[in-house]
Amino acid sequence: MNKSRWKSIREQAGKILARKLVLFGLILVLLWVLLALLAPWIAPYGPNEIRTEDKLQSPNLSHWFGTDNFGRDILSRILYGARVTVWTGIVSIGIACSVGIPLGAIAGFFGGKLGNVIMRVMDTLLAFPSLILAMALAASIGPGLTGALLAVGIVAIPEFARLMYGQTVVIKEKEFIEAGRALGVRNKAILFKHVLPNAFAPLIVQITLALGSAVLTTSSLSFIGLGVRPPTAEWGAMISYGRGYIISGEWWMTVFPGIAIASTIFGFILLGDGLRDAFDPHGRNSKTKFK
Amino acid sequence: MTPILKIKDLKKHYPVKKGLFGARSTAKSLDGVSLEINKGETFAIVGESGSGKTTLGKTLLRLIEPTSGSIFFEGTDITHLGAEPMRQLKTDMQIVFQDPYGSLDPKWTIGRTLEEPLRTHFSLTDSEVAEKVSRILEVVGLTPRHALRYPHELSGGQRQRVGIARALILEPKFVVFDEPVSALDVSIQAQVLTLLQDLQKRLSLTYLFISHDLSVVRYISDRVGVMYLGKMMEVGPTEALFSEPLHPYTQALISAIPQPDPEQRRERIVLEGEVPSPRNPPSGCVFHTRCPHVMPQCLTIVPELQRISEGRYTACHLYNNK
């Protein structure tokens, strides 16, 4: 890391944050991460603290977001739910990246029969609607957080593989890759030191957007009972408990977790779109720098 | 003089499929090129775009695998050398690419780019590597401070110097220059060419210099090979070839060089039509479609490269009975 590197990183960051919507997205995402980390200290009640005498209270001063049918504080459950969400996001996208990116890179770089087999398997996975596939996987692994994590991760693998495949195929035709070969650099080094770093920008965008959809898929799985087991506080599961009460007027049981899910996904999408614009190859180091 | 590099009947044919169900055919990018390059000389290859000169340069280093023929480097046949010995041979054979923008990894500093070949082939300490990098930067006319820069922070000429430094840091014996100056401004071209000559003298290098720029070739090379549609049309010492070209194609090329003296205007031979596609090259002599001296046998019989006088060869039926 030297001075000019820092300068270019600072410039990039400045360019990204100059867009208000991106900044807003980043703030939303960071806010949820922060709330998740601090949940045990800032939540007014325990997530599973049952007070039947307080059940089904509408939002008031002691329970800002109201209480559910067991008298559990919705606000506290949302804060603890954020922990589950952040955790599932990181782990499932971690799985997707660590499997999908190497597969795509290998398929793109070496091509041939192996590459063909890898990409056809990915196409097959991609052919199923992601929620249906996640449901099938979660059901076969068994309900629970681990099942949901794996399911969400596996569903996201093909997207990463396909993106990395496309990037690799483009980058490997660049002259600096041929230059590496001409210097006698080994394939492994070319792949990891030249191809991968040059595919970094679109990967970051994809990771951001995939985190958003991972939140949605996890919540959906929990909603239909394939995700976390009760009584764990999880946003999708909370909406699921609350859905029977919408008709009788206890809207807060569904609306607040819904807002939590929506705002998180919204944050990731804004951030991802902003990063995509900032990393756009045509805007890169050319327009702003030599203006 | 002993040849450092010798190629025999080298061919590179690319399979081409015409249409969805069309018949498979081949594009003959290199079609039977033979050549000897002597130690210490600069051999230039000239030709139009699509003549196969870049393919030739890359095939010599087996960056492109030849379809047939053989390549001898310092007497050893390297045509079928395995991946690992071929990789090690890269310390002796190097290439400088045409595009100084594309041939450097945009994410890497110049220093890291220059370290890569050293770290790939030798196990040196960090200080030895750093010393070699700063020395090579000075050799090509940059300063050690440039090691901290990224390619986009350098000018085209500086980048091409980095490309040259990267090829030379392994101390090779033989370097292919694939149009090293055609992407540079004329003033920078002169600097880089002088640098190349200087380096050749100091490090006793052998160059294969690929170019379409005849004045550059005349300036830098000892011998020239003229290529057209994947075939060698004429080979000869630079001065002799430029003052008295043998092959009609070479004659046309040389007549196209602008003359500095307007009094000494000479007849310009203007070639008709376009270069035929290498996918569907003409029968017989590939040049017959545009040749002003075309004869009946040119349409059917492929002329072989024949010796005309000391060191001069041409592939043309005009010289058959001389």
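Tutor: Before we start, UniProt positions are given in the numbering used here, with feature names shortened, and the annotations may be inferred rather than shown by experiment. This is a predicted model, in which local features need pLDDT of at least 70, side-chain atom pairs count only at pLDDT 80 or more, and totals for chains, interfaces and linings use all residues. Residues are numbered from 1 along each chain as its sequence is written, chains are lettered from A and ligands numbered from 1 in the order in which they are written, and side-chain values use heavy atoms, with hydrogens and water left out.

Student: Okay, which residues of chain A does the "transmembrane region" annotation cover?

Tutor: According to the unreviewed UniProt entry, that annotation covers residues 21-43, 86-110, 131-157, 203-228 and 249-271 of chain A.

Student: And how much of residues 21-43 and of residues 86-110 is helix?

Tutor: Residues 21-43 of chain A are 96% helix and 0% strand, with end C-alpha atoms 29 Å apart, while residues 86-110 of chain A are 100% helix and 0% strand, with end C-alpha atoms 35 Å apart. Helices (H or I, at least four residues) and strands (E, at least two) are DSSP runs, numbered from the N terminus.

Student: How many helices and strands does chain A have, then?

Tutor: Chain A has eleven helices and zero strands, and its C-alpha atoms fill a box of roughly 75 × 45 × 30 Å, taken along the principal axes.

Student: What does UniProt list for residues 82-272?

Tutor: The unreviewed entry lists "domain: ABC transmembrane type-1" for residues 82-272 of chain A, and that span is 83% helix and 0% strand, its end C-alpha atoms lying 20 Å apart.

Student: At what angle do α2(A) and α3(A) cross?

Tutor: The axes of helix α2 (residues 20-42) of chain A and helix α3 (residues 74-110) of chain A cross at roughly 130 degrees and come within 8 Å. Axes here are lines fitted to C-alpha atoms, for helices over the stretch in contact, and angles run from 0 to 180 degrees between N-to-C directions. That angle makes α2(A) oblique to α3(A), given that angles under 35 degrees count as roughly parallel, over 145 as roughly antiparallel, 65 to 115 as roughly perpendicular and the rest as oblique.

Student: Which residues make that contact?

Tutor: Among them are W32(A), L35(A) and P40(A) of α2(A) and I78(A), Y80(A) and R83(A) of α3(A), where contact means heavy atoms within 4.5 Å. By class, the contact of α2(A) with α3(A) has 13 nonpolar, no polar and one charged residues; Ala, Val, Leu, Ile, Met, Phe, Trp, Tyr, Cys and Pro count as nonpolar, Asp, Glu, Lys and Arg as charged, and the others, Gly among them, as polar.

Student: What about α10(A) and α11(A)?

Tutor: The axes of helix α10 (residues 235-242) of chain A and helix α11 (residues 252-279) of chain A come within 8 Å and cross at roughly 150 degrees, so α10(A) and α11(A) are roughly antiparallel to each other. The contact of α10(A) with α11(A) has eight nonpolar, five polar and no charged residues.

Student: Switching topic, how many residues of chain A are in contact with chain B?

Tutor: 21 residues of chain A are in contact with 29 residues of chain B. The area buried between the two chains is about 2,300 Å², of which carbon and sulfur atoms give 51%, and E175(A), A182(A) and L183(A) supply 28% of the area that chain A buries against chain B, more than any other three residues. Buried area is the accessible area (1.4 Å probe) that two parts lose on being put together, summed over both.
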